[in-house]
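Trainee: Hi! Could you walk me through this one? I'd like to ask things as they come to mind.

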Amino acid sequence: MEIMTDQRFRKTAKLFRAVLFIGMILAAVLFLIYFSILIYAKILGPPALAVPQSTIYMADDGSMIGESHTGQKRYWVPIQDISSDLVKATVSIEDRNFYEHRGFDYKRIAGALLADLKAMAKVQGASTITQQYARNLYLSHDKTWKRKLTEAFYTIRLEMNYSKKEILEGYLNTIYYGNGAYGVQAASLYYFGKDAKDLSLAESAMLAGIPKGPSTYSPLANQEKAEKRQEIILQAMETKGFIDSSTADKAAAERLTLVGKHPTGNLGQAPYFQDAVQNELKYNLNIDDRTIALGGLRVYTTLNLEHQKTAEEMVEKHLLQDTNIQTGFISMNPKNGHVTSMIGGRDYESSPFNRAVQAVRQPGSTFKPLLYYAALEQGFTPTTMMKSELTTFRFENGKTEYTPHNFNNKYANDDITMAQALALSDNVYAVKTHLFLGEDVLVDTAKRFGLTTKMAEVPSLALGTSGVKVIEMAAAYSLFANGGKYVEPVLIERVENHNGEVIYEHDDHSGDRILKPELASVMNHMLTGMFDPKLNGYSSVTGISMVDEMSRPYAGKSGSTNTDSWMIGYTPQLVSAVWTGYDKGRPIETSTEQVISKNIWFNFMEKALKDEPAVNFPTTKGTVGVYINPENGKIASKNCPVKRLTYFKDGTEPQEYCTDHLEDGEHPVEHEKQPAKEQDKKPWYKRIFGL
């Protein structure tokens with residue numbers, strides 16, 4: 001009996017030693033595997049934390065106007081810009097031992113296993129914040145063993161290479177909160193209409209409960225369940241010592257205001273402008289499509305929301321609703337080229353084609369200021385006289401003869417000044433000037449003004465028969481407004497990457513001087529002529545309908561062809577250009593259609609500048625102002641019934657006095673000729689209208 005007992009003991013001991021040996025081997029293997037994994041994870045280094053993020057577009061005041069995404073709203077914010085209450089609420093409910101473990105909460109895992117065994121089903125989760133972050137970054141949400149093992153490996157790498165603060169920041173910026181909102185910033189904006197840093201304790205506790213089941217615990221889906229989960233989270237925060245019971249009770253009783261809307265909607269604000277900005281990012285800044293769409297860029301633009309709103313109001317008010325007539329509109333700051341508003345058509349969703357930057361249309365008489373500037377350079381002055389009469393031009397080189405016509409076939413049948421020709425938009429005067437200078441001169445001048453479309457060297461070019469773009473014409477007129485310095489249209493001030501690093505910043509240094517300042521000054525004053533009844537002649541000045549409602553001095557020019565209607569004008573602070581017409585070149589036939597561009601332009605300028613001072617067009621050194629009789633271009637005498645202050649390059653002003661209105665034997669008084677610097681002291685309305 002004793003022998004058998006001894007044998008059993010030896011067998012048991014032998015088995016125990018075998019099991020112990022195998023256990024030690026297994027432990028050694030597991031230990032080796034574990035450290036191999038750690039070493040491999042260390043060799044691999046930190047995993048990349050790049051996730052798709054929405055690119056955000058900002059107006060010039062820093063407010064959001066739109067975003068690019070694939071249906072997922074993702075905005076990354078640093079943890080210091082997240083409410084501390086939300087951080088504490090998330091840790092309390094999702095992973096209360098987050099700061100103590102190294103990626104895996106083994107005690108919680110054991111508890112979850114026991115709960116699952118008792119229920120014979122999956123009833124309790126044990127994933128830590130780090131594990132969830134790893135899943136959000138790199139993995140699908142399937143439930144295979146391969147996915148779980150890969151998740152564990154990424155969890156180790158995250159914990160090994162990143163701080164708890166970095167992991168928590170990443171988790172909060174990638175977790176899904178329902179309704180297309182990924183991350184706390186998108187969720188905060190969607191549910192409460194505020195930034196994540198501004199969330200209250202009650203809002204934080206409500207938001208922290210949603211990721212468990214967005215379709216169940218969203219307050220917009222089920223208010224009752226959302227509030228019950230909010231109470232659980234507040235209790236968990238109290239247990240962790242983050243808040244006391246009275247604070248928890250107060251937060252639970254707080255009534256929350258829900259928004260339930262993403263801030264930018266589907267298209268955001270100024271969709272045509274946003275499209276133009278995206279093209280700038282791609283073609284001028286050479287940023288690839290994926291980065292533009294999902295790179296988390298912050299694009300700070302030049303858009304002025306007040307100007308944009310005003311432009312949209314005027315287009316909606318004046319663009320005929322019972323037709324298919326279209327428009328292209330641009331406003332910009334002439335000093336730095338910043339585009340402050342843009343409209344590319346009557347309805348973006350129906351037609352995203354941007355007529356402000358893509359369409360090439362005939363500018364009509366809005367092209368004449370470029371011609372007359374070239375003429376000033378060649379010795380013309382505002383009082384250069386030529387005859388306005390029906391004229392057929394014949395050419396010796398075999399070119400077809402050309403007969404330009406004035407509007408309604410009205411002509412002075414007499415000599416008129418260049419200032420009056422511009423104000424009345426006399427076509428014969430323009431073609432004569434063009435041919436006198438040489439057809440190549442206007443083409444070269446257009447290029448100097450920044451126009452890039454191809455120009456035909458033909459007599460009709462003086463009347464704007466070669467196509468141009470609205471945005472380039474606005475930039476060209478800016479040269480007059482700013483005294484002759486080239487400005488390129490600017491849409492983007494600055495671009496930041498997803499880390500907040502500036503990757504592009506526009507340099508607003510002054511451009512090269514393209515125009516002579518004294519001649520630009522002369523042109524500015526000539527372009528006020530379309531609003532000055534003193535230049536009425538065989539017809540009224542083209543801006544006569546606006547004169548009585550003008551609140552300030554404007555310079556500008558209207559233009560039209562059979563299929564295009566334009567108005568471009570400016571003050572020293574703002575330039576705007578409007579084109580209206582039909583996409584397929586259908587004729588503009590009614591008088592109502594013909595004045596749309598003027599109505600949009602004038603009402604936009606008046607409202608956009610209503611809070612700005614009425615600023616005179618400055619006269620530069622080298623110019624002189626002289627009172628002129630508009631009928632004959634001579635220095636006005638005291639008896640002349642109409643006198644208009646006109647600016648000239650110093651030394652080119654008229655020397656001859658008007659004697660048409662003097663009595664027999666009377667001589668003109670020389671002091672009627674006055675230098676511009678003395679006139680500058682008068683108010684603008686007296687200076688322009690000679691009061």
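This is a predicted model: local features need pLDDT of at least 70, side-chain atom pairs count only at pLDDT 80 or more; totals for chains, interfaces and linings use all residues.

Trainee: Okay! Is Thr 340 buried or exposed?

Mentor: Thr 340 is buried, because its relative accessible area is 9% and buried means under 20%.

Trainee: And what separation is there between the C-alpha atoms of Thr 340 and Val 490?

Mentor: Those C-alpha atoms are separated by 9.2 Å, although the two residues are 150 residues apart along the chain.

Trainee: Nice. Let's switch to sheets. What is the strand order in the open sheet of five strands?

Mentor: The order is β2-β1-β5-β10-β11, and the pairing is mixed. β2 (64-68) and β11 (502-505) stand at the edges with a single partner strand each, so one side of each has no neighbour in the sheet. From one strand to the next, the twist averages 15°.

Trainee: How many bridges join β5 to β10?

Mentor: Four bridges, with β5 (residues 298-301) and β10 (residues 492-496) running antiparallel. In this pairing, Tyr 300 stands opposite Arg 494 in β10.

Trainee: Now β13. How many of its residues are buried?

Mentor: Seven of its seven residues, so strand β13 (residues 564-570) is mostly covered.

Trainee: Which residues point which way from β13?

Mentor: Asp 564, Trp 566, Ile 568 and Tyr 570 point one way, while Ser 565, Met 567 and Gly 569 point the other way. In a regular strand, side chains alternate between the two faces of the sheet.

Trainee: Got it. Which strand does β13 form a hairpin with through three residues?

Mentor: That's β12, with three residues between the two strands. Six bridges join β12 (residues 555-560) to β13, and the strands run antiparallel. Ala 555 stands opposite Tyr 570 in β13.

Trainee: What about β14, how many residues are in the hairpin that joins β13 to it?

Mentor: That hairpin goes through four residues. Seven bridges join β13 to β14 (residues 575-581), again as an antiparallel pair. Here Ser 565 stands opposite Thr 580 in β14.

Trainee: Time for a loop. Where does Asn 632 lie?

Mentor: Asn 632 lies in the loop between β15 (623-629) and β16 (634-635). Asn 632 is buried, with a relative accessible area of 16%.

Trainee: What does its side chain pair up with, starting with the polar contact of 3.1 Å?

Mentor: That contact joins the side chains of Asn 632 and Asp 660.

Trainee: Let's do helices. Why is α2 described as largely enclosed by the rest of the structure?

Mentor: Because eight of the eleven residues of helix α2 (residues 84-94) are buried. Among them are Leu 86, Val 87, Ala 89 and Ile 93, and the buried set also includes Thr 90, Ser 92 and Glu 94.

Trainee: Last one! Which residues form a nonpolar patch on the surface?

Mentor: Phe 21, Ile 22, Ile 25 and Leu 26 form it, and together they have about 400 Å² of accessible area. Leu 26 is found in helix α1, which covers residues 2-44.

Note on methods: Residues are numbered from 1 along each chain as its sequence is written. Side-chain values use heavy atoms; hydrogens and water are left out. Patches are made of residues with over 30% relative accessible area and no salt bridge: like charges are joined within 9 Å, nonpolar side chains (Val, Leu, Ile, Met, Phe, Trp, Tyr) within 5 Å. Accessible areas come from the Shrake-Rupley method with a 1.4 Å probe; for residues, only the protein chains shown count as cover. A salt bridge is a side-chain nitrogen of Lys or Arg within 4 Å of a carboxyl oxygen of Asp or Glu. Two strands pair if DSSP finds at least two bridges between them. Axes are lines fitted to C-alpha atoms, for helices over the stretch in contact, and angles run from 0 to 180 degrees between N-to-C directions. Buried means under 20% relative accessible area, exposed over 50%, partly exposed in between (1.4 Å probe, protein chains only). A polar contact is a pair of N or O atoms within 3.5 Å; within protein, one must be able to donate a hydrogen and the other to accept it, and residues adjacent in sequence count only if both atoms are side-chain atoms.
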